[in-house]
Amino acid sequence: MGKFDEYNIDLKGLQTDTSEFEFQLDSLFFTHIDAPEIQKGNIQAKLKVVRQSQAFELTFHCEGYVIVQCDRCLDEMEQSITAHDKLKVKFGDKYADEGDDIVIIPESEGAINVAWFLYEFIVLAVPMKHVHPVGKCNKSMTGQLRKHLVTSDEEMSDEETSAVEDGSVEEESNGQQPIDPRWEGLKEIIDNN
Ligand SMILES: [Zn+2]
């Protein structure tokens, strides 16, 4: 049996106009998906499939938590997740993403695997900014980072400061840029203590 067989929904073979499915997405699921954003978590996912005249309407509801890195102290943290998403599936000649949450699947197969859709819905439900509740951050780490931030602010010239203010310099926290190697080093030192 393949890793994602249980997420394969045989639309053609559905016996009723409305069908419901449940999935427990634990850390093994995220390990199997093997994508960078989320590697651990525990999510209860429900899927309702309604057969319409020309399509199938899939309604997903995900609830639980994933483990992500805290923006403030870089330690792992639990981020609670609630996601509600819809997908419309139609039969056609070949796979196609029509946009507006409409997906075409080959009529000859008549089935859709929802594992990757579930993963994407969960990733999209993670807020841009995620930090521990007040006082729950790794104290040694925040202390070190605060020291580092104060130092680099002082070093910053007036030109750089105004560039940041008018938005021409991108923030480090936008997730696109690699972590400052000095921070990586810091975290390693702290982890090894
Ligand atoms: Zn934290």
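Gln24 has Gln44 in β3 as its bridge partner. Strands β2 and β3 run antiparallel and are joined by 8 bridges. Helices (H or I, at least four residues) and strands (E, at least two) are here DSSP runs, numbered from the N terminus. Two strands count as paired if DSSP finds at least two bridges between them. This is a predicted model, in which local features need pLDDT of at least 70 and side-chain atom pairs count only at pLDDT 80 or more, while totals for chains, interfaces and linings use all residues. Residues are numbered from 1 along each chain as its sequence is written.

Strands of a sheet pair through backbone hydrogen bonds, either parallel or antiparallel. In this model, 6 strands form an open sheet with mixed pairing, in the order β2-β3-β4-β5-β7-β6. The edge strands, β2 and β6 (96-99), each pair on one side only. From one strand to the next, the twist averages 25 degrees. Helix α2 packs on the sheet, where it touches β2, β3, β4 and β5, and its direction makes about 135 degrees with that of β5. Such angles run from 0 to 180 degrees between N-to-C directions, with axes being lines fitted to C-alpha atoms, for helices over the stretch in contact.

Asp97 stands opposite Val103 in β7. The hairpin of these strands has 2 residues between them, and Asp100 takes a positive phi near 50 degrees.

The helix α2 (residues 115-125) has the buried residues Leu118, Tyr119, Phe121 and Ile122. Seen down the helix axis, these buried residues fall within an arc of 165 degrees, so they line one face of α2; the arc is that of the directions from the helix axis to the C-beta atoms. The face turned away from the buried side carries the exposed residues Trp116 and Leu124. A residue is buried if 20 or more other C-beta atoms, placed from the backbone, lie within 10 Å of its own, exposed if 12 or fewer, and partly exposed in between.

The largest nonpolar core has 27 residues, of which Ala45, Phe60, Cys62, Leu118 and Ile122 touch the most other members. A nonpolar core is a set of buried Ala, Val, Leu, Ile, Met, Phe, Trp, Tyr and Cys residues joined through C-beta atoms within 7 Å. Strand β4 gives the most to this core, with 6 residues. Not counting residues up to four places away in sequence, Cys62 touches Ile43, Ala45, Ile81, Ala83, Leu118, Phe121, Ile122 and Ala125; contact requires C-beta atoms, placed from the backbone, within 7 Å.

Key. Two residues are in contact if their C-beta atoms, placed from the backbone, lie within 7 Å.
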